[in-house]
Amino acid sequence: MTANMHAFANGAELAGKLADKVAETLSAAITVRGSASIAVSGGSTPKAFFQALSSHSIDWGKVTVTLVDERFVPSDNPRSNHLLVQENLLKDKAAAAKFLPLYQATASVEEAAVIATEKTKAIGHPFDVAILGMGNDGHTASFFPGGSNLKTALDPNTPRGIITMEAEGAGEPRLTFTFSSLQDARLLVLHIEGEGKKDVLAKAEAPGEETEMPIRAMLRRAASPVEIYWAP
C-alpha cells in the first residue's frame, strides 16, 4: 500500500500541523460516536507534538489516551513512556482525558500484558488515531528485529491486545500492542524527523523481509495508507 508523505520545514511546523490533524480526527469521532481514542509512541520525537495537541479545544473528557508500547518500568522511571505523556500531553486542556497505561505493577511483564489487554478492551473500537515512531533499525512500536515475539506481533491473526517483547538493544522488557491492534486505526501516522530517518524509510520501502525492518508491515499491510509526517 502506498503511504502519503507530508514534509515540513522543521519540527515545530510538523508538530503544529500534526496536532491540528489529530485534533480534527478526535473531534470528528466524538461527534459521531461520543468518544475517541488515541495511542501514542514514546521517545523524544513527539514531545513538541504532545505539547501542541494538549492546547487544542477538544472535548478531552471523552478521549481515551494510551500508549503504542511501553517499557516494563514504573511510571516515575525517566525511561517510562507514561511519564513522557504525563509531562507533555496530559496537561492543560488535555488533563481531562482518560489515560490507560500499559505498565502494571505485577511480578512479571507477562502478567502486565494480560492485565493491560483486559483494561484496554474498554476502548471497544479500532483506534481513531495511532501515532508510530521508527528506530534506525526499522522497528516501530516494540516490534524489534530479532525480537522474542516478533512473528506473533506481526501476525494479522494474533488477537488484539498487548504482548511482551524482548530484544537485544531494547533495554528493559517491553509491552506492545500487536499489529492487529494498530493497523486499522482511522488515522495511522508515522512521525519521523531527521535526514537519517528519511534514509531508513527509503530502505524500508524497498523490497525485503518484514522481520528485518518491522515498519514494513505497517507500510505494506495497514488497512489504510500510513500518513508519514517528516521534518529534517
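Biologist: How many aromatic pairs does the structure hold?
Modeller: This is a predicted model. Two rings pair if their centres lie within 6.5 Å. By that criterion, the number of aromatic pairs in the structure is four.

Biologist: What is the geometry of the pair formed by Phe8 and Tyr229?
Modeller: The ring centres of Phe8 and Tyr229 are 5.6 Å apart, with 20° between the planes. Planes under 30 degrees apart fall into one class, so the Phe8 and Tyr229 pair is stacked.

Biologist: How many residues apart are Phe8 and Tyr229?
Modeller: Phe8 lies in the loop between strand E1 (4-7) and helix H1 (11-33), while Tyr229 belongs to strand E10 (residues 227-231). The pair thus links distant parts of the chain, and the separation in residues is 221.

Biologist: Is Tyr229 buried or exposed?
Modeller: The relative accessible area of Tyr229 is 7%. Because the limit for burial is under 20%, Tyr229 counts as buried.

Biologist: Which class of aromatic pair do Phe127 and Phe177 form?
Modeller: The two ring centres are 5.3 Å apart and the planes of Phe127 and Phe177 stand at 90°. Planes over 60 degrees apart set the class, so the pair of Phe127 and Phe177 is edge-to-face.

Biologist: Where in the chain is Phe177, the partner of Phe127?
Modeller: Phe127 is in the loop between helix H4 (109-120) and strand E6 (129-132), 50 residues from Phe177. Both Phe127 and Phe177 are buried. The element that holds Phe177 is strand E8.

Biologist: How many salt bridges are counted?
Modeller: Side chains of opposite charge can pair when their charged atoms come close. The rule requires a nitrogen of Lys or Arg within 4 Å of a carboxyl oxygen of Asp or Glu. By this rule, the count of salt bridges is ten.

Biologist: Which residue forms a salt bridge with Arg79?
Modeller: Arg79 is partly exposed, at 38% relative accessible area. The closest N and O atoms of its salt bridge are 2.8 Å apart, and the partner is Glu172.

Biologist: How many residues apart are Arg79 and Glu172 in the chain?
Modeller: Arg79 is in the loop between strand E4 (69-71) and helix H3 (81-88). Glu172 is in the loop between strand E7 (162-165) and strand E8 (174-177). The separation in residues is 93.

Biologist: Which residues are linked with Arg33 in a network of salt bridges?
Modeller: The network is made up of salt bridges. The residues linked with Arg33 are Asp128 and Arg186.

Biologist: Which element gives the largest share of the largest nonpolar core?
Modeller: That core has 79 residues, and Val22, Ile38, Leu53, Val63 and Leu182 have the most contacts inside it. Beyond its neighbours within four places in sequence, Val63 is in contact with residues including Leu26, Ile30 and Ile38. The largest share of the core is nine residues, and the element is H1.

Technical notes
Residues are numbered from 1 along each chain as its sequence is written. This is a predicted model: local features need pLDDT of at least 70, side-chain atom pairs count only at pLDDT 80 or more; totals for chains, interfaces and linings use all residues. Side-chain values use heavy atoms; hydrogens and water are left out. A salt bridge is a side-chain nitrogen of Lys or Arg within 4 Å of a carboxyl oxygen of Asp or Glu. Helices (H or I, at least four residues) and strands (E, at least two) are DSSP runs, numbered from the N terminus. Buried means under 20% relative accessible area, exposed over 50%, partly exposed in between (1.4 Å probe, protein chains only). Rings of Phe, Tyr and Trp (its six-membered ring) pair if their centres lie within 6.5 Å; planes under 30 degrees apart count as stacked, over 60 as edge-to-face and the rest as tilted. A nonpolar core is a set of buried Ala, Val, Leu, Ile, Met, Phe, Trp, Tyr and Cys residues joined through side-chain atoms within 4.5 Å. Contact means heavy atoms within 4.5 Å.
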